[in-house]
Amino acid sequence: MRLLSHTIGILTNPEKEWKAIRADRHSFFQVFLTHVPFLALIPTVAGYFGVTRVGFEVGGHLARLTPGSAAVLSIVTYFALLVGVYCLGEFINWMARSYGVEGDEPTRHYEGTALAVFISTPIFLASIVVLFPHPWLTMASVGIAGMYSIYLVFAGIPILMNMNKDRAFLYACAVLTVALVMMVTVLITSVILWSVGIGPIYQHHIH
């Protein structure tokens with residue numbers, strides 16, 4: 001599997017691309033390693049430069065983080081994204097048999113991981129906007145990407161898993177529920193980390 005294959009196609013022609021992804025039949029490890037470690041660099045590297053060079057508003061003032069603080073947060077975020085996509089793929093695979101997904105274990109594992117990888121892709125790509133970390137710009141861009149990711153879940157499962165639409169709809173709802181629970185877990189973890197001192201350190205306020 002080529003690095004970042006299907007990345008553009010999943011945005012421009014998702015139905016065709018889901019069929020191509022299904023036909024690939026690589027291992028779950030291949031589809032993960034050829035995409036997620038590279039896509040996860042987008043928000044972390046862009047975010048690092050955004051918060052250390054460009055700055056963001058805090059209480060009406062422009063603030064920046066120290067390079068050391070931003071580096072720690074970027075590294076933690078990077079590995080959290082890797083773990084998050086991997087775990088989502090594992091949950092999708094774990095639920096597969098309950099929803100009647102056909103095929104052997106390696107095939108189901110590939111399909112589950114591929115689904116997690118490619119429904120995350122729009123959000124990874126949209127996160128380039130954190131290079132200019134304005135809250136409304138970030139929320140709007142990631143929000144639109146998130147809605148497209150939801151569409152990809154419902155469009156992708158019937159094709160990728162070769163399921164009828166009724167079962168695929170229920171499976172897609174379950175996938176979105178897991179993704180939502182994972183997002184809430186990440187938010188709670190972030191609050192806990194901040195409360196014990198692993199949080200941002202500001203350079204200064206610029207008037």
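Residues are numbered from 1 along each chain as its sequence is written, and side-chain values use heavy atoms, with hydrogens and water left out. As the model is predicted, local features were required to have a pLDDT of at least 70 and side-chain atom pairs were counted only at pLDDT 80 or more, whereas totals for chains, interfaces and linings use all residues.

Helices (H or I, at least four residues) are DSSP runs numbered from the N terminus, as are strands (E, at least two). Axes are lines fitted to C-alpha atoms, for helices over the stretch in contact, and angles between N-to-C directions run from 0 to 180 degrees. Angles under 35 degrees are classed as roughly parallel, over 145 as roughly antiparallel, 65 to 115 as roughly perpendicular, and the rest as oblique. A crossing is termed right-handed if the near helix is turned clockwise from the far one by less than a right angle, and left-handed if anticlockwise. Contact denotes heavy atoms within 4.5 Å. In the composition of contacts, Ala, Val, Leu, Ile, Met, Phe, Trp, Tyr, Cys and Pro count as nonpolar, Asp, Glu, Lys and Arg as charged, and the others, Gly among them, as polar.

Helix 5 (residues 41–54) packs against helix 6 (residues 67–96) at an angle of about 165 degrees, the axes being 9 Å apart. The two helices are therefore roughly antiparallel. Their crossing is right-handed. On the side of helix 5, the contact involves L41, P43, T44, Y48, V51 and T52, which meet P67, A70, A71, S74, T77, Y78 and L81 of helix 6. These contact residues comprise nine nonpolar and four polar, with no charged residues.

Helix 6 also packs against helix 7 (105–126). Here the axes come within 8 Å and cross at roughly 135 degrees, so the two helices are oblique to each other. The crossing of helix 6 and helix 7 is right-handed. From helix 6, the residues L81, V85, L88, G89, E90, I92, N93 and A96 take part, and their partners in helix 7 are E105, R108, H109, G112, T113, L115, A116, V117, I119, S120 and F124. The division in this contact is 10 nonpolar, six polar and three charged residues. L81 of helix 6 takes part in the contact with helix 5 and in the contact with helix 7.

Helix 2 (residues 14–24) and helix 8 have axes 9 Å apart and pack at an angle of about 50 degrees. Helix 2 is therefore oblique to helix 8, and the crossing is right-handed. Helix 2 contributes P14, E15, W18, K19, I21 and R22, while helix 8 contributes Y148, Y151, L152, A155, G156, I159 and L160. Nine of these residues are nonpolar, one is polar and three are charged.

Individual residues were classified by relative accessible area, with buried meaning under 20%, exposed over 50% and partly exposed in between (1.4 Å probe, protein chains only). S127 is located in the loop between helix 7 and helix 8 and is buried, at 6%. Apart from its neighbours within four places in sequence, S127 is in contact with I42, P43 and A46. G146 belongs to helix 8 (residues 135–160) and is likewise buried, because its relative accessible area is 18%. T189, in helix 9, is partly exposed at 37%. T189 and T107 are 82 residues apart in sequence, and their C-alpha atoms are 33 Å apart in space.

Backbone geometry was considered next. Most residues other than glycine have a negative phi. H6, in the segment before helix 1 (9–12), has a positive phi near 75 degrees and is buried at 13% relative accessibility. N162, in the loop between helix 8 and helix 9 (165–195), has a positive phi of about 55 degrees although it is not a glycine. N162 is partly exposed, with a relative accessible area of 47%.

Cysteines were examined last. With a disulfide defined as a pair of cysteine sulfur atoms within 2.5 Å, the count is zero. C87 is partly exposed at 27% relative accessibility, and C173 is partly exposed at 30%.
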